[in-house]
Amino acid sequence: MRAFLAILIFALTAGILPAAAEDDRAADRQALLAILKDVETGINQANVELMAKHIDEKGVVTWLNAEVSRGPDEVRDYFKRMVGDAPGTILSKYSTHPKIAGPAVFYGDFAVAHGTTADEFTPHHRSVFRFDSRWTVSLRKVEGNWKIVALNLSTNTFTNVLIAELERMAVVAGVGGLVAGLALAGLWGWMRRRRAS
């Protein structure tokens, strides 16, 4: 009977302890989800402050175009230079819809999370294009608040919508050049025959 009770207590304790350990991070996980929501909303509503306030003073953001912003001020500058109606901006709109690939991993007051995002870009001088991208973020807890110390955005360099578009344009240009060349050759031959007669 004692052996049975010991096994029962062990089984119950084994089930409770992992759940308790998980509950220890529940508040942190909610805080990280709130940061992700702010970043998404900030980008989608062109309100860079919602994103910048979560960037550590020494934080580094690597954007999809391989530019790097250091600290919240450079994040603000990058976004204002790239998105909006001001002269020289590249995009009139940038929207993103991130998803988390799995629970964040905690190392004390340090956390790492990653996932995917569906991005839509609306340039001033061309049609809309979309990327399916990936992101990785590292955060640290400073005085009870989580701050982004590194955010990396990446997409497939070798297979993406822009490369596919260039390939289509190359095919169209090649076919168009061939047709134009054949037409010019035919015209030149016709003119030579006409002169000879």
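## The nonpolar core

In soluble globular proteins, nonpolar side chains tend to be buried together. In this predicted model, the largest nonpolar core has 30 residues, and the residues with the most contacts inside this core are Leu-32, Tyr-94 and Ile-148. Helices and strands both contribute: α2, α3, β1, α4 (71–82), β3 (91–100), β5 (110–123), β6 (129–142) and β7 each supply at least two residues of the core. The largest share, 5 residues, comes from β6.

Which residues does Leu-32 touch, once its neighbours within four places in sequence are left aside? Leu-32 is then in contact with Ala-104, Phe-106, Ala-111, Leu-139 and Trp-146. Two of these partners, Phe-106 and Trp-146, return in the next section, where they form an aromatic pair with each other.

## Aromatic rings

A pair of aromatic rings is described by the distance of the centres and the angle of the planes. The count for this model comes to 5 aromatic pairs. One of them joins Phe-106 and Trp-146, whose ring centres are 5.8 Å apart and whose planes are at 65° to one another; the pair counts as edge-to-face because planes over 60 degrees apart are given that name. This pair links distant parts of the chain, since Phe-106 belongs to strand β4 (residues 105–106) and Trp-146 to strand β7 (residues 145–154), 40 residues apart.

Are the two partners buried or exposed? Phe-106 has a relative accessible area of 16% and is therefore buried, and Trp-146, with a relative accessible area of 5%, is buried as well; the cut-off for this word is a value under 20%.

Elsewhere, Phe-79, Tyr-94, Phe-121 and Phe-131 form one aromatic cluster. Tyr-94, a member of this cluster, is also one of the residues with the most contacts inside the largest nonpolar core.

## Two alanines with positive phi

Ala-46, which is found in the loop between α2 (26–44) and α3 (48–52), has a phi near 55°, a positive value in a residue other than glycine. With a relative accessible area of 52%, Ala-46 is exposed.

Where is Ala-66 found? Ala-66 is in the loop between β1 (55–62) and β2 (68–70), and its phi is near 70°, again a positive value in a residue other than glycine. Ala-66 is exposed, because its relative accessible area is 61% and the cut-off for exposed is over 50%.

Notes: Residues are numbered from 1 along each chain as its sequence is written. This is a predicted model: local features need pLDDT of at least 70, side-chain atom pairs count only at pLDDT 80 or more; totals for chains, interfaces and linings use all residues. Side-chain values use heavy atoms; hydrogens and water are left out. Rings of Phe, Tyr and Trp (its six-membered ring) pair if their centres lie within 6.5 Å; planes under 30 degrees apart count as stacked, over 60 as edge-to-face and the rest as tilted. Helices (H or I, at least four residues) and strands (E, at least two) are DSSP runs, numbered from the N terminus. Buried means under 20% relative accessible area, exposed over 50%, partly exposed in between (1.4 Å probe, protein chains only). A nonpolar core is a set of buried Ala, Val, Leu, Ile, Met, Phe, Trp, Tyr and Cys residues joined through side-chain atoms within 4.5 Å. Contact means heavy atoms within 4.5 Å.
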